[in-house]
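Please look at the sequence and the 3D structure shown below before reading on. The briefing that follows takes up a group of charged side chains, then one further residue, and then the chain as a whole.

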Amino acid sequence: QVQLVESGGGQVQAGGSLRLSCAASGSISSINYMGWYRQAPGKEREWAALITSRGSTNYADSVKGRFTISRDNAKNTVYLQMNSLKPEDTAVYYCNAEAVAGYRYLEVWGQGTLVTVSS
């Protein structure tokens, strides 16, 4: 089994910063992409950022220039540095990854961490 555990959520005022972490554990041979999604109250889950195993990144327009995704392959951990936060960034943030376990490719989700940005 492969698990993702997020941490780092919390409450912050508009303009502030937070750093989310997501650590993968289990019988992992390697991890391909890792990414972050978010789901605001009353809205559908949306993709926010992605990083490949080689470090290529991509961002949703709504977070581009404010959020930075990075990863530590040795620790099987992905980070999301969130700066210049806005109230509309309030959401539950979910980590997502494609892990290779033996001969299987597994899409795994974390349990989510709540980010609240107050005005």
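In this predicted model, D89 and R66 are both buried, and their side chains meet in a salt bridge with an N to O distance of 2.7 Å. D89 lies in the loop between β8 and β9, whereas R66 lies in the loop between β6 (57-59) and β7 (67-72), so the pair ties together parts of the chain that are 23 residues apart in sequence. The points below follow this pair into the network of salt bridges to which R66 and D89 belong, together with R38 and E46.

**The salt-bridge network**

- D89 has a relative accessible area of 1%, and because buried means under 20% relative accessible area, D89 is counted as buried.
- D89 also forms a salt bridge with R38, in which the closest N and O atoms are 2.8 Å apart.
- Since R38 lies in strand β4 (residues 30-39) and D89 in the loop between β8 (77-82) and β9, this pair ties together parts that are 51 residues apart in sequence.
- R38, for its part, has a relative accessibility of 6% and therefore counts as buried.
- The side chain of R38 meets the side chain of E46 in a salt bridge as well, with 2.8 Å from N to O.
- E46 counts as partly exposed, because its relative accessibility is 34%, and the partly exposed class lies between the limit for buried, under 20%, and the limit for exposed, over 50%.
- A search of the whole structure finds four salt bridges, among them the one that joins R38 to E46, the one that joins R38 to D89 and the one that joins D89 to R66.

- Where in the chain is N96 placed? N96 is found in strand β9, which covers residues 91-101.
- Is N96 buried or exposed? With a relative accessibility of 2%, N96 counts as buried.
- The side chain of N96 is joined to the side chain of E107 by a polar contact of 3.3 Å.
- A polar atom of the N96 side chain also lies 3.3 Å from the backbone oxygen of V108.
- When residues up to four places away in sequence are not counted, N96 touches L4, Y33, M34, G35, Y37, E107, V108 and W109.

**The chain as a whole**

- Taken along the principal axes, the box filled by the C-alpha atoms of the chain is roughly 45 × 25 × 20 Å.
- Of the 119 residues of the chain, 42% count as buried.

Key. Residues are numbered from 1 along each chain as its sequence is written. This is a predicted model: local features need pLDDT of at least 70, side-chain atom pairs count only at pLDDT 80 or more; totals for chains, interfaces and linings use all residues. Side-chain values use heavy atoms; hydrogens and water are left out. Helices (H or I, at least four residues) and strands (E, at least two) are DSSP runs, numbered from the N terminus. Buried means under 20% relative accessible area, exposed over 50%, partly exposed in between (1.4 Å probe, protein chains only). A polar contact is a pair of N or O atoms within 3.5 Å; within protein, one must be able to donate a hydrogen and the other to accept it, and residues adjacent in sequence count only if both atoms are side-chain atoms. Contact means heavy atoms within 4.5 Å.
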